[in-house]
Amino acid sequence: MLAALAGEVRPRPPFWLMRQAGRYLPEYRELRAKAGSFLDLCYNPDFAVEVTLQPLRRYDMDAAILFSDILVVPHALGQPLAYLEGEGPKLDPIRGVEDLKRLSRDRFHETLAPVYETVRRLSTAIPAQTTLIGFAGAPWTIACYMVEGAGSKEYAHVKRWAYGDPAGFGRLIDLIVEVTADYLCRQIEAGAETVQLFDSWAGVLPVGEFRRWVIEPTRRIVALVKANHPDTPIIGFPRGAGHAYEDYVADSGVDAVGLDTTVSPVWAARNLQTRLPVQGNLDPIMLATGGKALATATRDILEALAGRPFVFNLGHGVIQSTPPEHVAELTRILREWPNRG
């Protein structure tokens, strides 16, 4: 995977899957029941290492991604966070400049110390040929959760603040940029060989605001991380960016870009992959469907993208209803490529 991220074309593209460790695996569900809360699972290195290793044992992916969650960053800043069964994450919302006083960096790295310990253990627990990926949420997406207090359909609170008081909202973004860069540097120092920035809600912004709140904060994080770790590749994933993918690739400074499900691989090969390695982008529902549809879609992506630097992945994370045998079938297809049989 590191060779592909460095611009090499591999005979068989390396692969890993977003959310490759998770609820579709029975061994994960068993461990999750033992852990108590989801945060207990994330902050217990014994559990987090085991969960990270589970898909490697089954499928021998080319990369392992740290098991954690993007919302440990606001939690480490002091924002109360809970995961409610069937409802997802809930945070006490930050709705304006006055609320920023509730946040503090004082215990940031202390709170995240178990995550760094998990990375250290994984760096020796995974096979030598397997790349260890660290990650964080990108500032816009983290701000969405911090301001909305949960997932959202309209993002009304965060957009009103960003549009109506960009200077005040910028203070929140500045804080997230600085602590996220620190967080990624600590992961790299603990053993992560590459890192990914997840901007899951990038696609909800219009073009001008996309540049201000997605591209520019990402560029700043990349610059801060590269100042300390210039040789560590950074993957950006601006989900839903549409035609703004081109601006993101040109101006964010990332070394590789993750493609969401909506991006045409043929278009990406022509407009993005000539500039940098791409990653993606099988529809997770296609993986859950399996059969001929899965095989055809996988080979279509390989035919479009495998001629240039490329990491095979999904266009978003593995969904809970995915049969594990479908992941095994995908693995077989990828390992047999370019054999069309």
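Arg211 is partly exposed, at 37% relative accessibility; here, buried means under 20% relative accessible area, exposed over 50%, and partly exposed in between (1.4 Å probe, protein chains only). The structure is a predicted model, in which local features need pLDDT of at least 70 and side-chain atom pairs count only at pLDDT 80 or more, while totals for chains, interfaces and linings use all residues. Residues are numbered from 1 along each chain as its sequence is written, and side-chain values use heavy atoms, with hydrogens and water left out.

Arg211 takes part in salt bridges, a salt bridge being a side-chain nitrogen of Lys or Arg within 4 Å of a carboxyl oxygen of Asp or Glu. One partner is Asp251, with the closest N and O atoms 2.9 Å apart. This pair links distant parts of the chain, since Arg211 is in helix 10 and Asp251 is in helix 11, 40 residues apart. Helices (H or I, at least four residues) and strands (E, at least two) are DSSP runs, numbered from the N terminus. Asp251 is partly exposed, with a relative accessible area of 34%. Arg211 also forms a salt bridge with Asp247, where the closest N and O atoms are 3.9 Å apart. Helix 10 covers residues 207-228 and helix 11 covers residues 245-251.

By the salt-bridge rule, the count comes to 20. Another of these joins the side chains of Asp62 and Arg12, at 3.1 Å from N to O. Asp62 lies in the loop between helix 4 (45-59) and strand 1 (63-65), whereas Arg12 lies in the loop between helix 1 (2-5) and helix 2 (26-35), 50 residues apart. Asp62 is buried, at 13% relative accessible area, and Arg12 is partly exposed, at 22%.

The discussion now turns to annotated positions. The UniProt annotation "binding site", from an unreviewed entry, covers Arg19, Gln20, Ala21, Gly22, Arg23, Asp69, Tyr145, Ser200 and His316. UniProt positions are given in the numbering used here, feature names are shortened, and annotations may be inferred rather than shown by experiment. The annotated residues span 298 residues in sequence and their farthest two C-alpha atoms are 22.8 Å apart, so they do not all gather at one spot.

Arg19 is found in the loop between helix 1 and helix 2, and Arg19 is partly exposed, with a relative accessible area of 48%. Leaving aside neighbours within four places in sequence, Arg19 is in contact (heavy atoms within 4.5 Å) with Tyr24, His316, Gly317 and Val318. Gly22 is also found in the loop between helix 1 and helix 2, but Gly22 counts as buried, at 8% relative accessibility.
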